[in-house]
Amino acid sequence: MEPGARNAESTEPGARSTDPTDSGVPGPDPSRLYYQDSHLKEFTAQVRSCTWDERRACYGVILDRTAFFPEGGGQYGDTGILGGAKVRDVREKDGQVIHYL
């Protein structure tokens, strides 16, 4: 796996997280796991949407939580593996982190 690469597994629909970072305590968005641990390599998440992006010719996937840091501020987005598929790019749009596979 490449440096900074991430690996994720999807959970069943409706599955509830037992992650203590999901406590609802005010602070950084708990769905953005990179705020709690910027070196996190594996996590579980539920797919919220998966749509074909015609312009990029790939799928754009939105998860309920992610460790993939999106591109921004001159920093490239993370790459890695999501459910067996290679994540080519990660961007933020309208407050959502989109993983491009």
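Predicted model: local features only at pLDDT ≥ 70, side-chain atom pairs only at ≥ 80, totals over all residues.
Q: What is the geometry of the pair formed by F43 and F68?
A: A search of the whole structure finds 4 aromatic pairs. The ring centres of F43 and F68 are 6.1 Å apart. Their planes meet at 75 degrees, so the pair is edge-to-face.

Q: How many residues apart in sequence are the parts that F43 and F68 tie together?
A: Strands (E, at least two residues) and helices (H or I, at least four) are DSSP runs, numbered from the N terminus. F43 lies in strand β2 (residues 42-45). F68 lies in the loop between β4 (58-63) and β5 (80-82). The pair therefore ties together parts whose separation in residues is 25.

Q: Is F68 buried or exposed?
A: Buried means under 20% relative accessible area, exposed over 50%, and partly exposed in between (1.4 Å probe, protein chains only). F43 has a relative accessible area of 7%, so F43 is buried. F68 has a relative accessibility of 0%, so F68 also counts as buried.

Q: What is the angle between the planes of W52 and Y59?
A: W52 and Y59 form an aromatic pair, 5.0 Å from centre to centre. W52 is partly exposed at 45% relative accessibility, and Y59 is partly exposed at 40%. The pair is edge-to-face, with an angle between the planes of 75 degrees.

Q: Which residue does D64 meet in a salt bridge?
A: A salt bridge is a side-chain nitrogen of Lys or Arg within 4 Å of a carboxyl oxygen of Asp or Glu, and the structure holds 6 of them. In the bridge of D64, the closest N and O atoms are 4.0 Å apart. D64 is in the loop between β4 and β5, and the partner, 16 residues away, is in strand β3 (residues 47-53). That partner is R48.

Q: Is R48 buried or exposed?
A: D64 is partly exposed at 25% relative accessibility. For R48 the relative accessible area is 54%, so R48 is exposed.

Q: How many residues separate D89 from R56?
A: D89 and R56 form a salt bridge in which the closest N and O atoms are 3.4 Å apart. D89 is in strand β7 (residues 89-93), and R56 is in the loop between β3 and β4. The pair links distant parts of the chain, and the separation in residues is 33.

Q: Which residues are joined with D89 into one network?
A: D89 is buried, with a relative accessible area of 13%, whereas R56 is partly exposed at 22%. The side chains of R91 and D89 meet in a salt bridge of 2.8 Å, N to O, and R91 is partly exposed at 29%. Salt bridges that share partners join D89 into one network with R56, E71 and R91.

Q: Over the ring of which residue does the charged end of R56 sit?
A: A charge sits over a ring if NZ of Lys or CZ of Arg is within 6 Å of the ring centre and within 35 degrees of the ring normal. The charged end of R56 is 4.0 Å from the centre of such a ring. The ring belongs to Y100.

Q: What is the bridge partner of T51?
A: β3 and β4 pair in the antiparallel sense over 6 bridges. In β4, the partner of T51 is G60.

Q: How many disulfides does the structure hold?
A: A disulfide is a pair of cysteine sulfur atoms within 2.5 Å. The cysteine sulfur closest to that of C50 is in C58, at 9.9 Å, which is too far for a bond. C50 is partly exposed at 46% relative accessibility, and C58 is buried at 2%. The number of disulfides is 0.

Definitions and conventions: Residues numbered from 1 in each chain as written. Heavy atoms only, no water. Phe/Tyr/Trp six-rings, centres within 6.5 Å; stacked < 30°, edge-to-face > 60°. Pairing = 2+ DSSP bridges.
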